[in-house]
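Try each task before you read its solution.

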Amino acid sequence: MKTMKTMKLAFSTLALVASVNVFAHGMMTMTYPKDGAMLMAQAERVELNFPNPMKVVSLKVVG
């Protein structure tokens, strides 16, 4: 019986930690060019707007 309580506590803690990581990622509010846009000329700039300060770790531009 005590083992079951320990397992439930461990699972609940794991679920809570996992959900905090999901909420740690901010959602972009706006991009330029728009997501999925097809450009006829080279973009002069790329903008990514987030509601909170962010650190971009990786950016991949594909042709």
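Relative accessible area sorts residues like this: buried means under 20%, exposed over 50%, and partly exposed is what falls in between. Keep in mind that this is a predicted model.

**Exercise 1. Find where Lys-34 sits in the chain, then decide whether Lys-34 is buried or exposed.**

Step 1: Get the layout. The protein chain has 1 helix and 2 strands, and along the sequence they follow the pattern α-β-β.

Step 2: Lys-34 is in the loop between β1 and β2.

Step 3: Apply the cut-off. Lys-34 has a relative accessible area of 57%, and exposed means over 50%, so Lys-34 counts as exposed.

Step 4: Look across to Leu-48. Lys-34 and Leu-48 are 14 residues apart along the chain, with 9.7 Å between their C-alpha atoms.

**Exercise 2. Describe the largest pocket: its volume, its lining and the elements that contribute to it.**

Step 1: Start with the space, which is about 510 Å³.

Step 2: Go to the lining. It has 20 residues, and the ones nearest the pocket centre are Pro-33, Lys-34, Asp-35, Gly-36 and Ala-37. The elements giving two or more residues to this lining are β1 (30-32) and β2 (47-49).

Step 3: You get 13 nonpolar, 3 polar and 4 charged residues.

**Exercise 3. Which side chains meet in a salt bridge, and how exposed are Glu-47 and Arg-45?**

Step 1: Count the salt bridges. There's 1 in total.

Step 2: Name the partners. The side chains of Glu-47 and Arg-45 meet, at 2.5 Å from N to O.

Step 3: Check accessibility. Glu-47 comes in at 26%, so Glu-47 is partly exposed. Arg-45, at 43%, is partly exposed too.

**Exercise 4. Which residues make the nonpolar surface patch, and is Leu-59 buried or exposed?**

Step 1: Take the whole surface. The accessible surface of the protein chain is about 6500 Å², with 65% of that belonging to carbon and sulfur atoms. Of the 63 residues, 2% count as buried.

Step 2: Pick out the patch. Met-28, Val-46, Leu-48, Val-56, Leu-59 and Val-61 make a nonpolar patch of about 580 Å².

Step 3: Zoom in on one member. Leu-59 lies in the segment after β2, and its relative accessibility is 57%, so Leu-59 counts as exposed.

Conventions:
Residues are numbered from 1 along each chain as its sequence is written. This is a predicted model: local features need pLDDT of at least 70, side-chain atom pairs count only at pLDDT 80 or more; totals for chains, interfaces and linings use all residues. Side-chain values use heavy atoms; hydrogens and water are left out. On a 1 Å grid over the protein atoms alone, a cavity is a set of points where a 1.4 Å probe fits but cannot get out, and a pocket is an open set with protein on both sides within 12 Å along at least five of seven lines; lining residues have an atom within 4 Å of a point. Grid points are joined across faces, edges and corners, and a volume is the space filled by probe spheres set on the points. Helices (H or I, at least four residues) and strands (E, at least two) are DSSP runs, numbered from the N terminus. Ala, Val, Leu, Ile, Met, Phe, Trp, Tyr, Cys and Pro count as nonpolar, Asp, Glu, Lys and Arg as charged, and the others, Gly among them, as polar. Buried means under 20% relative accessible area, exposed over 50%, partly exposed in between (1.4 Å probe, protein chains only). Accessible areas come from the Shrake-Rupley method with a 1.4 Å probe; for residues, only the protein chains shown count as cover. Patches are made of residues with over 30% relative accessible area and no salt bridge: like charges are joined within 9 Å, nonpolar side chains (Val, Leu, Ile, Met, Phe, Trp, Tyr) within 5 Å. A salt bridge is a side-chain nitrogen of Lys or Arg within 4 Å of a carboxyl oxygen of Asp or Glu.
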